[in-house]
Amino acid sequence: MLITGVLFYAFAAVLVVAALGVITSRNPVHSALFLVLAFVQSALLWLLIEAEFLALVLVLVYVGAVMVLFLFVVMMLDINVEEIRKGFTRYLPLGAAVALIVVFEIGHVVWFRSQGLQFLAAPQGQPADYSNTKELGSLLYTEHVYAFEIASMILLLAIVAAITLTMRRRPGLKVQDIVKQVAVRREDRVRIVKVEPSRES
């Protein structure tokens, strides 16, 4: 338990520093990289509570896919850094108020625990052959199978809707006609020209 506590405070400290780097960094690319570090630290914290599946999903989905997309968008767009700085100072009072509320809540939790009241029991360790992924899968496909299928259908509908909105006809939009592409003949696209050889002196 001692090593677990040390790792928790170490990962939590790095997570707080990474979160501060996300909102204080002046370079958008650096902010995205700090967010990647925050996601990795959150995944490590989930590993400490034996939530291996959620930790792997966080790394694979957010770090491996979403953050790569964010980096591409940030690097491709012409972002005005001066405008970002103005926005930072504009929302500084609101951010400070939210930070004070969070600090107050954390202090309240620390004070409540110092009173010796057991309002939250520490999670018990699982045996070595315990599989978090197996338990989560069995729960999803037994008790929550209908909700899982409905969520899958909603996501599929969102994908189809996004593709439909992207491929809608607009003035000047060039679209493919698959039927014409398949029915094309060689004679319509290729012309063989026989060039007589020439001999230069």
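Author: Rings of Phe, Tyr and Trp count as a pair if their centres lie within 6.5 Å. In this predicted model, there are three aromatic pairs.

Reader: Happy to start there! What makes Phe-8 and Tyr-9 an edge-to-face pair?

Author: The centres of Phe-8 and Tyr-9 are 5.3 Å apart, and the angle between their planes is 75°.

Reader: Why is Tyr-9 called exposed, and why is Phe-8 called partly exposed?

Author: Exposed means over 50% relative accessible area, and Tyr-9 has 62%, so Tyr-9 counts as exposed. Phe-8 has 42%, which lies between the cut-offs of 20% and 50%, so Phe-8 is partly exposed.

Reader: Then why is the pair of Phe-39 and Tyr-62 called tilted?

Author: The planes of Phe-39 and Tyr-62 stand at 50°, with the ring centres 5.3 Å apart. Stacked needs under 30 degrees and edge-to-face over 60, so this pair is tilted.

Reader: Which parts does that pair tie together?

Author: Phe-39 lies in helix α2 and Tyr-62 in helix α3 (residues 52-76), so the pair ties together parts that are 23 residues apart in sequence. Phe-39 is buried, with 18% relative accessibility, whereas Tyr-62 is partly exposed at 40%.

Conventions. Residues are numbered from 1 along each chain as its sequence is written. This is a predicted model: local features need pLDDT of at least 70, side-chain atom pairs count only at pLDDT 80 or more; totals for chains, interfaces and linings use all residues. Side-chain values use heavy atoms; hydrogens and water are left out. Rings of Phe, Tyr and Trp (its six-membered ring) pair if their centres lie within 6.5 Å; planes under 30 degrees apart count as stacked, over 60 as edge-to-face and the rest as tilted. Buried means under 20% relative accessible area, exposed over 50%, partly exposed in between (1.4 Å probe, protein chains only). Helices (H or I, at least four residues) and strands (E, at least two) are DSSP runs, numbered from the N terminus.
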